Amino acid sequence: MTNGIPHYQPEICKYRFPRVDKRFVLRCLSKANISGMLTSGDSTGGRYGQALVKTSQLTFRTVRFEKTKGGGSIPNENYFSSQLPPHVVKLLRTNGRFCQGCSCFLMSTTLNVSNVTYKFNIEHIAHTLILDHTLDIVYPSGQAGLRVPDNVWVTTAQELIFRYYLQDRYPDVFIVFLPFAHVKRHLLLHRLQMELKYFKSLIEEYIPRTTKVIYMPAYGEFEEARKSREWKNRLFENMLATEKIDKMNRMLYDVLENDLLDPKGRVYGFLDLIEASKDRKAWSTDGVHMAPVWYESVMSMFWETYCNSVLLNEF
């Protein structure tokens, strides 16, 4: 670690190009023709998304920030409605996310590279389960005369986002922070593989093949740092949180293995963040979340890895 933007380089990684700075990121985005990145996940994913913005060292403005409802746990349909077809807006309903610190945001900046000016966006979409119904399409009662296309329905909030909300503006890079901190409480391991496969199938169905999809594993949790005695040393399927999260990370790899090993594929993984985080107990703020230095370190390492690959024509 050093002063300024946090920097961490695994011993196995040898980079040709220097550490992340603004010129490095601009060169990388320009060469890869990147105009949009998307992150998804829970409050941890949101922290990573904010760190992605900060560690780029570009100057962004906030285009939209979701003002959640119901004490902070219910999505705000106003955040999504401007990007949805009118017939979907009429049928849109929201349900709680099981998270009071999860919100969507869209940041934008104008880049000028080699006398070419264009916009670059980073957006974060909040969700606390792999598949959920926090956003849903519901036929309104008492409106029998309302005309609804037969094929408008979706199975999950994730399908609604991929099919409708992102249409015509799909990201060039999609970084998936699966919300395992929440999933460990709500989903048994024998169901996890099924949901991961279905989530992956939704990406394959709706997200263009030109989009690079990067799955980020979850980091470990720290029992000693938990604020509530109720949650300290709680077991999930007879496992402490970190043990179950590690099993979920491994199951994620099993589901993605063929895609990750495909040299012509568009799916990528990342380092083992359980291993990377195990000696960072001092950075844990509540047992689940980390201090900003963690998220900035990881996303600085993402920029370094991603952009070196781009500049070496390997990505």
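Biologist: Before we start, what should I know about the model and its numbering?
Modeller: This is a predicted model, in which local features need pLDDT of at least 70 and side-chain atom pairs count only at pLDDT 80 or more, while totals for chains, interfaces and linings use all residues. Residues are numbered from 1 along each chain as its sequence is written, and side-chain values use heavy atoms, with hydrogens and water left out.

Biologist: How many disulfides does the count come to?
Modeller: The count is 2 disulfides, where a disulfide is a pair of cysteine sulfur atoms within 2.5 Å.

Biologist: Which cysteine does Cys 28 pair with?
Modeller: Cys 28 forms a disulfide with Cys 307, the sulfur atoms being 2.3 Å apart. The pair links distant parts of the chain, 279 residues apart, with Cys 28 in helix 1 (residues 22–32) and Cys 307 in helix 10 (residues 292–311). Helices are DSSP runs of H or I with at least four residues, strands are runs of E with at least two, and both are numbered from the N terminus. The link is left-handed, with -80° about the S-S bond.

Biologist: Is Cys 28 buried or exposed?
Modeller: Cys 28 is buried, with a relative accessible area of 0%, and Cys 307 is also buried at 0%. Buried means under 20% relative accessible area, exposed over 50%, and partly exposed in between, using a 1.4 Å probe and protein chains only.

Biologist: And what does Cys 99 join to?
Modeller: Cys 99 is joined to Cys 102, S to S 2.0 Å. This link is right-handed, with 80° about the S-S bond. Cys 99 is buried at 8%, and Cys 102 is buried at 1%. With the bonded cysteines numbered in sequence order, the pairing is 1-4, 2-3.

Biologist: Turning to the strands, what does strand 4 pair with?
Modeller: Strand 4 (residues 105–113) runs antiparallel to strand 2 (residues 61–65), joined by 4 bridges. Strand 4 also pairs in the antiparallel sense with strand 5 (residues 116–126), over 9 bridges. Two strands pair if DSSP finds at least two bridges between them. Phe 105 is the bridge partner of Phe 65, and Ser 108 stands opposite Asn 121 in strand 5. Because 7 of its 9 residues are buried, strand 4 is largely enclosed by the rest of the structure.

Biologist: What is in the loop between strand 4 and strand 5?
Modeller: The two strands form a hairpin with 2 residues between them. Ser 114 lies in that loop and has a positive phi of about 55° although it is not a glycine. Asn 115, in the loop as well, has a positive phi of about 65°. Most residues other than glycine have a negative phi. Ser 114 is exposed at 66%, and Asn 115 is exposed at 76%.

Biologist: How many residues of helix 5 are buried?
Modeller: In helix 5 (residues 157–165), 9 of its 9 residues are buried, among them Glu 159, Phe 162 and Arg 163.

Biologist: Last topic: which helix gives the most to the lining of the second largest pocket?
Modeller: Helix 6 gives the most, with 4 residues. The lining divides into 6 nonpolar, 5 polar and 7 charged residues. Here Ala, Val, Leu, Ile, Met, Phe, Trp, Tyr, Cys and Pro count as nonpolar, Asp, Glu, Lys and Arg as charged, and the others, Gly among them, as polar.
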